[in-house]
Amino acid sequence: MKVPVMMLSSVPELHGYIDKSQLTEDLGGTLDYCHSTWLGHRTAIESFALMVKQTAQMLQTFGTELAETELPNDVQSTSLVLSVHTEKKAKAKEDLQLALKEGNGILESLREPLTESTSHSVNQDQLDNQATVQRLLAQLNETEAAFDEFWAKHQQKLEQCLQLRHFEQGFREVKTTLDSMSQKIATFTDVGNSLAHVQHLLKDLTSFEEKSSVAVDRARALSLEGQQLIENKHYAVDSIHPKCEELQHLCDHFATEITRRRGLLSKSLELHSLLEMSMKWCDEGIFLLASQPVDKCQSQDGAEAALQEIEKFLETGTENKIQELNKIYKEYECILNQDLLEHVQKVFQKQESTEEMFHRRQASLKKLAAKQTRPVQPVAPRPEALTKSPSPSPGSWRSSENSSSEGGALRRGPYRRAKSEMSETRQGRTSSTGDEEESLAILRRHVMNELLDTERAYVEELLCVLEGYAAEMDNPLMAHLISTGLQNKKSILFGNMEEIYHFHNRIFLRDLESCIDCPELVGRCFLERMEEFQIYEKYCQNKPRSESLWRQCSDCPFFQECQKKLDHKLSLDSYLLKPVQRITKYQLLLKEMLKYSKNCEGAEDLQEALSSILGILKAVNDSMHLIAITGYDGNLSDLGKLLMQGSFSVWTDHKKGHTKVKELARFKPMQRHLFLHEKAVLFCKKREENGEGYEKAPSYSYKRSLNMTAVGITENVKGDAKKFEIWYNAREEVYIIQAPTPEIKAAWVNEIRKVLTSQLQACREASQHRALEQSHSLPLPTPSSTSPTKGGNPRNVKKLEDRKTDPLSLEGYVSSSLPKPPDKGKGWSKTSHSLEAPEEDGGWSSAEELINSSDAEEDGGVGPKKLVPGKYTVVMDDGKEGPDALAMRTGDMVEVVEESAEGLWYVRDLTSSKEGWVPASSLSTLLGKSSSAQCLSSSDSSPGSAVLSNSSSCSEGCSTPFSELQG
């Protein structure tokens, strides 16, 4: 097809071909059209249409994702899902709002010409564009509304799911707590064994209920929360409703158990209060009977006054004692276990025995209070009786008896009355003795009751500390209150208190309760358990560490919280002191019991138990000092048992020291604390520590130790009754000791003497044992060969003399031939030693008295016991087996008069003044007179070390040193 083409040169020419209404303004026409504007609108509409399509797809995808999401089973996951979905929803809404904003902007730009001029006509293109934009905006609004509706449902479901998960989590926690509480309340079966114990259990129950109330309140609140969810049309009603019912059931069950438990404890408290009142009434009655003086009750007025006191006291029994035992059994059947039943029976028996004592005392006092009305018979005096002497002779009485029966009746009356009075006096004395014994028995029961009551209270206090403090240190709920310095320090703070509690609760308390009917036999309980009481030494040794830890951590909130729960007025440190106070209390109670049991069966056991308890106290005290020794390299336990310890002033006087230093030392005493062990004596310097309580306890710096096998003593030092000497290695080292008092000095000297004597005895026994083994195959010599003055081989005589000086062989000869007693006036005057002669060395321990001679060693025997003047004590019983022999017993004191060649000494008994021959081996030195003192020593057999001065040596008949024998 051919189209004509017109070439125009101007706009007016164009108007000739096209009407102006069809041309735009730039071509001179009147058509309202801008091509650039049309392009812009068209592009924006197409872009908006694409945005609407993408937004719809995005919302559809997001809705599908929400619909397909599974609900989590825990709170954290549900919260996370809800948070993520909310964020995505917010992002989708933001995109949707942007699309709406875009569409509204396009629509406003399309309507802009109309807003500027109302006369403006809108062409069809503009109308089509507006319609398109409006349709797209409507589509967006519909999509948004649908999405909002879907999101609201989805959000509600997620929120309900979250609420359900919170409810389920709370239910699990509360149910676990309630189950634990129910299990714990089920273990509360103890109804108490004393009034204090029941009160403690009630406090524990109240405290437990207060702690549990938080969980119970939470459970009830959770149940209400579940009911609210059900009312709000929760989608999981079938799951929530059973849980609410279970929570309500658990709370009701727990409240019921608490109420039942409180009722049982209230019953127990009521019963124990009644028992306590009965026991208190019995104790007061026993004290009343014991406090009534027996001598004052012998008079009629005194007996009536005592009787009134008893009757008045018995009236108080109506309210304070058990009336009917069967009624008690019936009323308190729900709490009567075996132990409580036995306790009730014992209290009732005690009540009956107390009433029986009162009835016996009543009967006795009624007899004494009854007026002795003597019958008066009106008899006219006989005329002849008026002329006779007012004091007729027995003959006249007998003659008058035959004259008249009436007179006989008159005379028999006074005799019978006198006889009756004598009988009543006798009965009164018997009654007085019986009352005195009864009073002593009452006092013994009173002491026994005090011992039992204080023992039960002590056990309760220990249990209270262990449960209220020690156990709480392991409680995770209390861990945040424990300071760092207190963590893992329970064993230091409480020591072996748990061991002490178990001993007293399981063993010793039961032993004491078995003696309630025979209080005087309680000493056996202590003696049988004396080894167990050693646990107190361990506790006391730990006490300084415990005290130090307490002072560091006493402000810890843990202790304050525990004290508040226990309702204690005193802090923990007061209760940690209870074991120390208790072990010291026993000796006081034993003294009281012994005071009222002098003539009873168990008096000896009580005395022995008292001595043993005092020994434990001394050992505990000594051990507290012993653990404070510092600087000692060895093991203190190797030194044997600690016998004594104390502070002294000490001067030194050593042979090896510098002369000037030695002289100065005499004027400057050292303050030393001495520890006497079985094998050594330790010299320490006492150092006071700064601080308070146990932190102020002294410590002891070790300075010197002396082996007891080489120690000797000089009992008296000239010029001071409080001084004595301890010397070492034959006076190479001399320590002058000044005690605070003469009594302390005497005690130390006696104890050292015992140690040295025991060492000597051990050495002798070892020597005799070896001599017995060596001479077992040798025949005993005949009596005719015992005298060295008779004929025989001189060499044999010498060997025989050597053998006779041995303690074993000497006893075989003493009865066959004894030397003649020395002449009067003879004795020490012809010897080289004089009783009054002073020793230059200050005692009988110089080197001149060494007993191991070279001759004796060459012969393979032992040296004879050298005669030294002084007083001796008998260490071996010796029967009288000859005319001039002297019978002796261990412990007798004798004085030596003369020595014979056969190893016999002629002695004088200082008690009976009898004289006779005795074996030298039977004597041990007691006192040796010198210018200084009496000396006692024990040492090895090495030359230069004197042993048991004035007597014999550990090396006598013993070539082995004592230290080797000890090993």
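**Entry 1: a pair within H18.** I began with Glu-547 and Arg-551, whose side chains form a salt bridge at 3.2 Å from N to O. This is a predicted model, so I am reading a computed geometry here. Both residues sit in helix H18 (residues 535-553), four residues apart, or about one turn of the helix. Glu-547 has a relative accessible area of 12%, so I noted it as buried. Arg-551, at 33%, I put down as partly exposed.

**Entry 2: H21 to H14.** Arg-582 and Glu-455 meet in a salt bridge at 2.8 Å, N to O. Arg-582 is in helix H21 and Glu-455 in helix H14, 127 residues apart. Arg-582 counts as buried at 6% relative accessibility, and Glu-455 is buried at 0%.

Lys-585 forms a salt bridge with Glu-450, with the closest N and O atoms 3.7 Å apart. That pair also joins H21 to H14 (residues 405-470), across 135 residues. Lys-585 is partly exposed at 28%, and so is Glu-450 at 34%.

**Entry 3: H21 against H22.** I stayed with H21 (residues 578-595), which packs with H22 (residues 603-626) at about 155 degrees, the axes 9 Å apart. The two are therefore roughly antiparallel. H21 passes H22 in a left-handed crossing. The contact includes Ile-583, Tyr-586 and Leu-590 of H21, and Leu-606, Leu-610 and Ile-613 of H22. By class, I find twelve nonpolar, three polar and one charged residues in it.

**Entry 4: the whole structure.** My search of the whole structure gave 34 salt bridges. I also noted a network of salt bridges linking Lys-93, Glu-144 and Asp-148.

Methods: Residues are numbered from 1 along each chain as its sequence is written. This is a predicted model: local features need pLDDT of at least 70, side-chain atom pairs count only at pLDDT 80 or more; totals for chains, interfaces and linings use all residues. Side-chain values use heavy atoms; hydrogens and water are left out. Axes are lines fitted to C-alpha atoms, for helices over the stretch in contact, and angles run from 0 to 180 degrees between N-to-C directions. Angles under 35 degrees count as roughly parallel, over 145 as roughly antiparallel, 65 to 115 as roughly perpendicular and the rest as oblique. A crossing is left-handed if the near helix is turned anticlockwise from the far one by less than a right angle, and right-handed if clockwise. Contact means heavy atoms within 4.5 Å. Ala, Val, Leu, Ile, Met, Phe, Trp, Tyr, Cys and Pro count as nonpolar, Asp, Glu, Lys and Arg as charged, and the others, Gly among them, as polar. A salt bridge is a side-chain nitrogen of Lys or Arg within 4 Å of a carboxyl oxygen of Asp or Glu. Buried means under 20% relative accessible area, exposed over 50%, partly exposed in between (1.4 Å probe, protein chains only).
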